[in-house]
Amino acid sequence: MEQGILLRELNHRIDSGLASAINLVSAAAVRVEGAEAKRALSDVVELLHGHADVQQALAMPKGKALIDAATYIRMMGSAMRRSLLDRMNIRLAFATESLPLEPERCRRLGLIVHGLVTNAAKHACFDARSGEIRVKLTRTGALVNCVVLDNGSRAARGAAGRGLRISNDLAKDLGGRVEHGSGDEFTSVVLSFPLSARERQANSAIAERRIIRSPRRLRANLSDASAVCTGASSPDRDSSPVATRPAPIPARGAQPISAGPADPLGALLSSGQRMDVS
């Protein structure tokens with residue numbers, strides 16, 4: 001309880017400092033003369049707003065109700081795009097499934113993901129490739145796996161040591177561990193940790209509801225497939241083939257990312273999971 005009070009006080013002071021900085025820079029942008037100076041100060045205001053959004057997303061959760069970790073890290077990712085990633089022209093994608101966690105454990109997961117994404121953005125060497133970072137959050141039984149994967153090489157990874165050590169310490173607090181992997185054109189970090197008893201109960205209930213709904217979806221899909229087959233055999237319908245959309249042409253100077261099994265980024269996301277890319 002004492003730690004929670006201290007964290008909330010610290011968050012309050014940081015929020016107040018950011019709000020004060022935003023007000024000061026906004027006032028300066030109004031007073032300054034010259035279009036270029038106004039644009040520069042407006043960019044600073046936008047950047048500060050982005051950092052304030054990240055700070056709010058990572059704030060100490062209130063109450064004891066379980067929090068959906070998928071929604072939590074997506075909100076944090078949206079704030080990170082505004083504060084950092086969009087300015088670096090790096091895309092951030094998520095593949096998640098609903099995962100209720102206890103508030104403090106969910107916050108620790110968010111801190112780890114924030115640190116790993118920040119390290120990837122600042123220390124990865126993307127060369128001529130378009131920068132991309134993907135986060136995958138899944139559950140297998142009572143074990144949670146969170147993968148943060150980027151398409152940068154390991155050439156400039158030396159400066160990321162401190163951030164990774166913090167992630168390792170936070171993972172230990174969750175009873176888990178962090179493992180690292182890298183290649184010439186990708187770097188991956190896998191966080192694994194077990195669910196608590198309360199979290200296992202909540203996630204089991206969600207899994208049971210999915211199993212109950214699955215037969216209904218299967219019957220609906222079979223009915224749709226039957227209707228399509230019937231329509232295709234009807235002489236009154238146009239039997240010409242349906243055109244497929246061609247693969248997008250990569251931008252000049254960028255190397256396309258293959259969707260084949262050799263591509264860790266393409267293999268990261270499966271069709272059965274929600275994906276959000278920007």
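Ser83 sits in helix H3 of this predicted model. At 6% relative accessibility it falls under the 20% cut-off, so Ser83 counts as buried. What does Ser83 touch, once its neighbours within four places in sequence are left aside? The partners are Leu47, Gly50, His51 and Val54.

**The H2/H3 pair**

Two packed helices are described by the angle between their axes and the distance between the axes. Here, H2 (residues 35-57) and H3 (residues 69-85) pack at about 165 degrees, and their axes are 8 Å apart. An angle over 145 degrees is what it takes, so H2 runs roughly antiparallel to H3. The crossing of H2 and H3 is left-handed. On the H2 side, the contact is made by Glu46, Leu47, His49, Gly50, His51, Asp53, Val54 and Ala57; H3 brings Tyr72, Met76, Ala79, Met80, Arg82 and Ser83. Sorted by type, the residues of this contact come out as seven nonpolar, four polar and three charged.

In soluble globular proteins, nonpolar side chains tend to be buried together. The largest nonpolar core in this model has 40 residues, and Leu85, Leu109, Val117, Ile133 and Val135 have the most contacts inside it. At least two residues of this core come from each of H2, H3, strand E2 (91-96), helix H4 (103-123), strand E4 (132-140), strand E5 (143-150), H5 and strand E7 (187-194). There's also a second, separate core of five residues, including Ile22, Val25, Val45 and Leu48.

**Two long-range pairs**

Val144 lies in strand E5 and, at 0% relative accessibility, counts as buried. Beyond its neighbours within four places in sequence, Val144 is in contact with Leu99, Leu137, Thr138, Arg139, Leu191, Ser192, Phe193 and Leu195. Asp169, for its part, is found in helix H5 (residues 161-173) and counts as partly exposed at 45% relative accessibility. Each of these two residues has a partner well along the chain, as tabulated here.

| Pair | Separation in sequence | C-alpha to C-alpha |
|---|---|---|
| Val144 and Ser192 | 48 residues | 5.5 Å |
| Asp169 and Ile112 | 57 residues | 9.4 Å |

Ser192, then, is both a contact of Val144 and its partner in the table, with the C-alpha atoms separated by 5.5 Å.

Definitions and conventions: Residues numbered from 1 in each chain as written. Predicted model: local features only at pLDDT ≥ 70, side-chain atom pairs only at ≥ 80, totals over all residues. Heavy atoms only, no water. Axes fitted to C-alpha atoms, helices over the stretch in contact; angles between N-to-C directions. Helix = DSSP H or I, 4+ residues; strand = E, 2+ residues; numbered from the N terminus. Parallel < 35°, antiparallel > 145°, perpendicular 65-115°, else oblique. Left-handed = near helix turned anticlockwise from the far one by under 90°. Contact = heavy atoms within 4.5 Å. Nonpolar A, V, L, I, M, F, W, Y, C, P; charged D, E, K, R; others polar. Buried < 20%, exposed > 50% of the residue type's maximum accessible area, 1.4 Å probe, protein only. Core = buried A, V, L, I, M, F, W, Y, C linked by side-chain atoms within 4.5 Å.
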